[in-house]
Amino acid sequence: MFESFTAEVVSMIGKGIFETLYMTVISTFFGYIIGLPWGVALYVSSQKGLKPNAAIYGILSFIANVMRSIPFLILLILVMPFTLFIVGRTYGSTATIVPLTLSAAPLIARMVESSVSEVDAGVIEAAQSMGAGTWTLITSVLLVEGRVSLISGIVIMLGTVLGYSAMAGVVGGGGLGDIAIRYGYYRYQADIMIVTVVLLVALVMILQALGSKIAVAFDKRK
């Protein structure tokens, strides 16, 4: 076992680790650019939000629910024309960032909505009594008071996106998932598949450990 690990294979796995982290971090970043304001808008327009608006909430919630319901592999195929338009190709790690971002955004929106909903109503009322407007409440109260939950959400999303990036290997998405599919499945090299799976698990655990430390550091309640 492990006789397949030549210098070339080791180098390939090293590149796969980099590509996996690259896809995961960049996709999560762009996912939050879309999902953070989306989630805040969901909370603000909800029945218990700062500016209740059933129509806006219904539209945003419907879109989030529909996008969350589409399995990632199906979404990956559905958005190939859009991916081609954005990056000029439909394969490789950079191309995979497009469907990963679109898949992560609605999940992030729901997590952000949940996080800011946990902010103590008394804190919001106190800020409102001092004349704070909606924008100030969002930036200085909701996002600040909900920072620990928001950071925990980022950790969860990094693990989720990393798992999605591995699935993208089915269509040549790059990273460790692509290596596992090409060598472990098509070439029956179980040793390479085992190592890639172990590395994927290790990456998730490392990201979770780092995220937990950051969340604790930002938790001023302790």
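**Exercise 1. Describe the surroundings of serine 115.**

Step 1. The side chains of serine 115 and serine 149 are joined by a polar contact of 2.8 Å. A polar contact is a pair of N or O atoms within 3.5 Å; within protein, one must be able to donate a hydrogen and the other to accept it, and residues adjacent in sequence count only if both atoms are side-chain atoms.

The model is predicted, so local features need pLDDT of at least 70 and side-chain atom pairs count only at pLDDT 80 or more, while totals for chains, interfaces and linings use all residues. Residues are numbered from 1 along each chain as its sequence is written, and side-chain values use heavy atoms, with hydrogens and water left out.

Step 2. Serine 115 belongs to helix 5. Helices (H or I, at least four residues) and strands (E, at least two) are DSSP runs, numbered from the N terminus.

Step 3. Serine 115 has a relative accessible area of 5% and is therefore buried. Buried means under 20% relative accessible area, exposed over 50%, and partly exposed in between (1.4 Å probe, protein chains only).

Step 4. Not counting residues up to four places away in sequence, serine 115 touches Ser149 and Leu150. Contact means heavy atoms within 4.5 Å.

**Exercise 2. State the secondary structure and the overall dimensions of the protein chain.**

Step 1. The protein chain has ten helices and zero strands. Read along the sequence, its pattern is α-α-α-α-α-α-α-α-α-α.

Step 2. The C-alpha trace spans about 70 × 45 × 25 Å along its principal axes.

Step 3. Of the 222 residues, 42% count as buried. Among contacts between residues at least 6 apart in sequence, 74% join residues at least 24 apart.

Step 4. Accessible areas come from the Shrake-Rupley method with a 1.4 Å probe; for residues, only the protein chains shown count as cover.

**Exercise 3. Trace the contacts of threonine 28 and methionine 157.**

Step 1. Threonine 28 is found in helix 1. With a relative accessible area of 4%, threonine 28 is buried.

Step 2. A polar atom of the side chain of threonine 28 lies 2.7 Å from the backbone oxygen of threonine 24.

Step 3. Beyond the residues up to four places away in sequence, threonine 28 touches Ile108, Met157, Leu158 and Val161.

Step 4. Leaving aside neighbours within four places in sequence, methionine 157 is in contact with Thr28, Tyr32, Ala104, Leu107, Ile108 and Met111.

**Exercise 4. Determine whether serine 165 is buried or exposed, and list its contacts.**

Step 1. Serine 165 lies in helix 8. Its relative accessible area is 1%, so serine 165 is buried.

Step 2. The side chain of serine 165 reaches the backbone oxygen of leucine 162 at 2.6 Å.

Step 3. With neighbours within four places in sequence left aside, serine 165 is in contact with Thr20, Met23, Thr24, Leu100 and Gly174.

**Exercise 5. Locate the nonpolar surface patch and classify valine 197.**

Step 1. Tyr185, Tyr186, Met193, Val197, Val201 and Met205 make a nonpolar surface patch of about 610 Å². Like charges are joined within 9 Å, and nonpolar side chains (Val, Leu, Ile, Met, Phe, Trp, Tyr) within 5 Å.

Step 2. Helix 10 (residues 190-218) supplies the largest share of the patch, four residues. Valine 197 has its place in helix 10.

Step 3. Valine 197 counts as partly exposed because its relative accessibility is 43%.

Terms used. Patch = residues over 30% accessible without salt bridge, like charges linked within 9 Å, V, L, I, M, F, W, Y side chains within 5 Å. Salt bridge = Lys/Arg side-chain N within 4 Å of Asp/Glu carboxyl O.
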